[in-house]
Amino acid sequence: MSRFVWSKEFELGIDIIDHQHQRIVDYINQIYDISLKAQGTCGSVEVTDADTADLKAVLASLVDYTLSHLAFEEALMEEAEYPELSEHQLVHRQFSELIGSLKARFDQGEEVSQRLASVLQHWLIEHIMTEDKRYAELVKHKLLGIEPDKHRHWVQQALSRHFQ
Amino acid sequence: MSLQWSSDLEIGIPVIDSQHQRIVEYINGVELAHQHHSQKELLVVLDELVDYTLSHFEFEESLIEEAGYPFTKAHKKVHALFTRRVQGYQQRAKAGEDVTEELTHTLKTWLVNHIKHDDRDYTGVVKDNMNEATKRVKAKSGSWMSRLFG
Ligand SMILES: [Fe+2]
Ligand SMILES: [Fe+2]
Ligand SMILES: [Fe+2]
C-alpha cells in the first residue's frame with residue numbers, strides 16, 4: 001500500500017462531508033506513517049514503545065471520528081429521506097464492527113496496523129465513490145437547495161437559445 | 001499534557017469561542033484531578049464538565065437551528081453521540097475505574113476535531129443570521145430615534 005493522496009475526484013460537493021472524509025484519510029495516513037517508520041530501512045520491524053503509544057492514540061481517534069462521521073452522514077440521509085438509508089446504515093455498521101475489532105486486536109498486542117491502514121484505505125475510497133456518491137445528489141437537493149441537473153439543463157437551454 | 005487554547009480553535013463567534021474555551025478549562029481540570037490522585041475531585045470536575053457541555057450544546061443547537069443551518073439535525077446527532085460516550089466514562093469513573101487517560105484523550109481529540117471541522121462549518125450561516133438580526137434592530141431603533149428626535 002502507499003500513502004493515501006486525497007484528490008478532488010473523491011469530493012461529493014458537500015463541504016462538511018468532504019472535510020470529514022479528508023480527516024479520516026489523515027488518520028489512516030498517520031497509521032501508515034507510524035507503521036512505515038517502525039518497519040525501518042532494512043525491512044526489520046522494530047516497534048518502539050513510543051510508536052505503540054502513538055498508534056494506540058491514533059487508532060482511538062480514528063475509531064471515534066469515524067463513528068461520529070457515520071452518524072452525521074446517516075442523519076443527513078434520514079433528513080433527506082434517502083430511500084436506501086437502511087442499506088447504507090448496514091454497510092456503516094459492518095465497517096464500525098470491522099474497525100472496532102481491529103482496534104481491539106491491536107489493544108491486545110496484535111500487530112495489525114499495516115493491515116488496518118490498508119483495509120481502511122480501500123474501504124473508505126470504495127465507499128465514498130459508490131455508496132456515498134449515491135446519496136450526495138439528494139442531500140444537496142433537499143438540504144442545500146442545489147439542483148445541479150436542472151441547473152445544467154437550464155444553462156443548456158439558455159445556451160441553445162442563444163446559439164441556435 | 002494540558003490542552004492549550006489558541007486562536008486556531010476560534011471559529012469567530014465570540015459567545016461560542018468563550019464557551020469552547022471554558023470546556024477546554026474543564027478538560028484540563030479533569031487531568032489536574034488525575035494528577036492530584038483525587039477521585040473525589042475527578043468526579044466533581046467530570047460532573048461540571050458534563051453539565052457545562054450539555055448546556056453549551058443546547059445553546060449552540062438553538063443558535064444554528066435559528067440561523068437555518070442545513071445540517072442542524074446531523075450536528076445534534078453528533079453532540080448526542082458524544083454526550084452518551086462521556087456519560088459512559090462518567091459511570092465507569094463513578095464505579096471506581098480509572099478512566100482518566102482514555103477519557104482525556106477522547107475529550108481533547110473530539111473537541112479539537114469538532115470545533116475545527118463541524119463547528120466551523122456553521123460559522124458563515126450563523127454570522128449572516130446575526131448580522132441580519134443586528135441590522136433589523138438598528139433599523140428599528142433608527143426609526144424610533146428619528147421619530148423621537150427628528
Ligand atoms: Fe462517508
Ligand atoms: Fe457512508
Ligand atoms: Fe458543536
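**Exercise 1.** Determine how helix α3 and helix α4 of chain A are oriented to each other.

*Solution.* Step 1: in this predicted model, the axes of α3 (residues 85-107) and α4 (residues 113-144) of chain A cross at roughly 170° and come within 12 Å. Axes are lines fitted to C-alpha atoms, for helices over the stretch in contact, with angles from 0 to 180 degrees between N-to-C directions. Helices are DSSP runs (H or I, at least four residues), numbered from the N terminus.

Step 2: α3(A) and α4(A) are therefore roughly antiparallel, the term for angles over 145 degrees.

Step 3: the contact (heavy atoms within 4.5 Å) includes A:F95 and A:L98 of α3(A) and A:W123 and A:Y135 of α4(A). Its residues comprise 10 nonpolar, three polar and four charged. Nonpolar means Ala, Val, Leu, Ile, Met, Phe, Trp, Tyr, Cys and Pro; charged means Asp, Glu, Lys and Arg; the others, Gly among them, are polar.

**Exercise 2.** Describe the contact of α2(B) with α3(B) by residue class.

*Solution.* Step 1: the axes of α2 (residues 39-66) and α3 (residues 72-94) of chain B come within 11 Å, crossing at roughly 170°. These two helices, α2(B) and α3(B), are therefore roughly antiparallel.

Step 2: among the contacting residues are B:L54 and B:F57 of α2(B) and B:H79 and B:F82 of α3(B). The classes are nine nonpolar, eight polar and six charged residues.

Residues are numbered from 1 along each chain as its sequence is written, and chains are lettered from A in the order in which they are written. Local features need pLDDT of at least 70, side-chain atom pairs count only at pLDDT 80 or more, and side-chain values use heavy atoms.

Technical notes:
Angles under 35 degrees count as roughly parallel, over 145 as roughly antiparallel, 65 to 115 as roughly perpendicular and the rest as oblique.
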